[in-house]
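Student: I would like to take a close look at one part of this structure, the place where two chains meet. Could you walk me through it?

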Amino acid sequence: MIPLPEPKPDILARRDEIVAALRAIVPGSALGGGLGEGVISEPLRLKPYETDGLSAYRQPPLAVVLPTSTEQVAAILRYCHRNGIRVVPRGAGTSLSGGALPLADAVVIGLMRMNRILEIDYDDRLAVVEAGVTNLGITKAVEGDGFFYAPDPSSQLACMIGGNVMMNSGGAHCLKYGVTANNLLGVKLVTIEGEVIGIGGSHLDAAGYDWLGLITGSEGQLGIVTEVTVRLLHAAEGARAMLVAFKANEIAGQAVDAIIASGIIPVALEFMDRPAIHACEAFAHAGYPLEAEAMLIIEVEGCAAEQDARLGEIRAICERFDPISVRVAQTAEESLAIWKGRKGAFGAVGRISPDYLCMDGTIPTSTLPEVLRRMGEMSDRYGLKVANIFHAGDGNLHPLIMFDANDPESFRRAEEFGADILKLCVEVGGCLTGEHGVGVEKRDLMGVQFAPHELDQQRRIKSAFDPQWLLNPAKVFPLDGLPEAALARAPARAAARAA
Amino acid sequence: MTDGLLSPATESELAGILRRATAGGEPLAIEGNGTKRALLRPVQAARTLTVRHLTGITLYRPQELILSARAGTPLPEIEAALAEKGQYLIAEPPDTTALFEAEAAETRPATIGGVVACNLSGPRRISAGAMRDHVMGVRLVNGQGEVVHSGGRVLKNVTGLDLCKLLTGSYGTLGVLTEVTLKVLPAPPDSATVAVSVRDLAAGVRVLSAGLGSPFGPSGAALLPGGAPELGLQGPTALLRLEDFSDSVRYRAESLAARLGREGDVTLLEAARSVPLWRAVRDAAPLGALPEEAIWRVSVRPSAAPGVAASLSRAFDAKLLLDWGGGLLWIAGPAEAATHAAVMAAARAAGGTWTLFRGPDGLRASSEVLPPEPAPLAAISARVKAALDPRGVLNPGRMHAGL
Ligand SMILES: Cc1cc2nc3c(=O)[nH]c(=O)nc-3n(C[C@H](O)[C@H](O)[C@H](O)COP(=O)(O)OP(=O)(O)OC[C@H]3O[C@@H](n4cnc5c(N)ncnc54)[C@H](O)[C@@H]3O)c2cc1C
């Protein structure tokens, strides 16, 4: 288990007073309970907030506060700042890296009640939404008019735009449309001092430093985002998928190279290895080729004739690589059927093994066969199964490591196996995380990718925004080497327990 | 200036220079080949540090869509290497040689480091992103002479704070870039332009919005107030560019033309005429700025552009070129404090931002060439600057006076 810092005993001791102060800022509604409530402090009702998508880690917070406006967020942060109280921002809590994991002495600031769409403008192709609007909620609001918000993480039904901004989330279609950072125009940021700053706006590329770029993907380290201006795109006339099965990972990798070399950039190019194919097929009955070692799902866009042309060219390329089977969807329904297994991949693996760790490294695409081979060896060594889903166009690899949560030894091995995989990603020229963020999960691996002085450089920038290190502590940066202010103050152990 | 020129041959030599500069509190102007020396404010430094001898493509993997080069590598060298594999720089950075001709002491090509440091993006920004969207990795030397890397050589990376984006567009004030890694893409084999003659700028922006809000994915959306007479396009003309495989380009151009036909006369320009036209738009040639005129870039939401244009025309004899669906206004006019004030006021009123892109030293030194940041952000800004360049030796005064 990855260690969390000692709670500040003085803060724990002041819990009731803090809860009362927060209640004064965000009063409960007459409805009582549920989402009407401004502050949650009863232990039982804190339960839903004690973890996120990395559910092996659990820690109830001091309290949860659910503001409904930017002004309330600013008031909460001003109060917490003045009193040296740590805060953990939270959207939907789907982070897979423990980014939204509470701390015992921290106030969780949940943005889910800030869920209004403030503006939609098709002429300027933008929408202004509050941080708690779900990713899919944006697309749902505009798809009737032919528009969409491009980044589409698999969690899009639940995850919120504020969380997407902070994780710089991607999706299956980011090969063509980019990740969150490429689809933003502006945010409203509340600093730890409670100042509200407009970053960017409704125009492209604000002059001056690219604060928007720095804030995107900063995992709640620099401030709290309450409003986001996103770019809207008009949807293509249509899209269609094909499925190609291969005899070996290497061969599938070569086919991917050949497709890119031909100048075609599909909107999606997804790779699944044998264990992933089997898991998904057992779950979704999508008709996946069980005899295959590797499989690609490739999607193109355009009018029917353009789809035919591109799919035809891709088919011709794949046929040079002795595929086991090629299945080109003829209709939208057939496309959906091809995607069905892939979209249900997490659920599918969950069926085989209720507990799994979803890893997220990026590798140079050419190293895929080597990485899969070495991962196979690790899998044997650790005695744990792994299934791989890979965004083949951009090198983002998602190994799903299956373990048994009832067996602490199995979890320990799974974590070690995961760390080894990420180290391997860095070794072959890639990185620790492509889209899920560092969070708690990869915090102590940061030294694999960055030299100590490089981490210090990043920490100094964090300090420029948050000098006392109150924003989402214990995430992203290894605990050793934190500046003095962040550690304030190592409490006597006994005192911590007593509180 | 050459006697004060520091031109290290290696990154570590460069780091040593910066360590000494910081130790001695000696400010340095940071350059590649100095082609954009006249952009933003004049730097207050006796000596200049150039990365022009840090050259060469260090990694190019066409199949992985990734290219790394040392910061001083000339842009044409990179473009040639990409073209050989049928690829290109996605952000289509403008060639500013012509714009800065008068100021340039010698003619050397722009370096990739300079293009990244200025976050220069061309027409394709609207569909494919800005320069900063494609910077996947950087190596930089900070003010203290530490070599720091951020990002990497893969296309998706969220490990740690994104210094690639922070450094892109920081004009050499936060660190000296020594190497950049860019995402690149296959260059589409064909292109064409749908040109629509329009009554005025407002009608033109509406046409561009209709094109960008269609399923046909234009990769350029510009508006020439005076048309392009050499192509037979008279008066205000909206341009929508398509880039793709030939069958798609043909189909999409015809579909757009059919859709936009009722807005005005439509002319279809095939690749042979379309490519040079967009190169001209990219380099702001149709702006027709005279050598003595100042040039601004103003970024607003597209629907606000006609209003900005109208208020500028009332204030002075403004020359205009609109790109990015109307959201980017290139403006030329008399290089005077009053015109600069008019540009600032118009940009502000529209909720957008401005850049004084070119102007005489006096105007640049006495102006807010970029919008000042609101106080709480300016405070953060100063702390971030100090986190990277504690003694303020890197390009002092380049973006804002006193910073
Ligand atoms: C089944 C499943 C599938 C997934 N698929 C994908 C995928 O395809 N691609 C992908 O990229 N990710 C994926 N994820 C990961 C996750 O959904 C994303 O990281 C998502 O962006 C998190 O959004 P959230 O609202 O749940 O944020 P949370 O988990 O609540 O928070 C994420 C981080 O952002 C901070 N934060 C949240 N809101 C704010 C705010 N308003 N201001 C400041 N900081 C804030 C939190 O402190 C935390 O550090 C998946 C997760 C699951 C469970």
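Tutor: Let's begin with one pair of residues: A:Asp124 forms a salt bridge with B:Arg301, and their closest N and O atoms are 2.8 Å apart. The term salt bridge here stands for a side-chain nitrogen of Lys or Arg within 4 Å of a carboxyl oxygen of Asp or Glu. Across the interface of chain B and chain A, the rule finds nine salt bridges.

Before we go on, a word on the model: it is predicted, so local features need pLDDT of at least 70 and side-chain atom pairs count only at pLDDT 80 or more, while totals for chains, interfaces and linings use all residues. Residues are numbered from 1 along each chain as its sequence is written, chains are lettered from A and ligands numbered from 1 in the order in which they are written, and side-chain values use heavy atoms, with hydrogens and water left out.

Now for polar contacts. The rule finds 32 residue pairs in polar contact across the interface of chain B and chain A, both residues being at pLDDT 80 or more. Such a contact is a pair of N or O atoms within 3.5 Å; within protein, one must be able to donate a hydrogen and the other to accept it, and residues adjacent in sequence count only if both atoms are side-chain atoms.

Helix 12 of chain B gives the most, with nine residues. Helices (H or I, at least four residues) and strands (E, at least two) are DSSP runs, numbered from the N terminus.

By class, this side of chain B has 34 nonpolar, 24 polar and 17 charged residues. Ala, Val, Leu, Ile, Met, Phe, Trp, Tyr, Cys and Pro count as nonpolar, Asp, Glu, Lys and Arg as charged, and the others, Gly among them, as polar.

Finally, step back to the whole interface. In contact, meaning heavy atoms within 4.5 Å, are 75 residues of chain B and 87 residues of chain A. The two chains bury about 6,600 Å² between them, with 57% of it on carbon and sulfur atoms. B:Lys156, B:Val158 and B:Leu161 supply 14% of the area that chain B buries against chain A, more than any other three residues. Buried area is the accessible area (1.4 Å probe) that two parts lose on being put together, summed over both.
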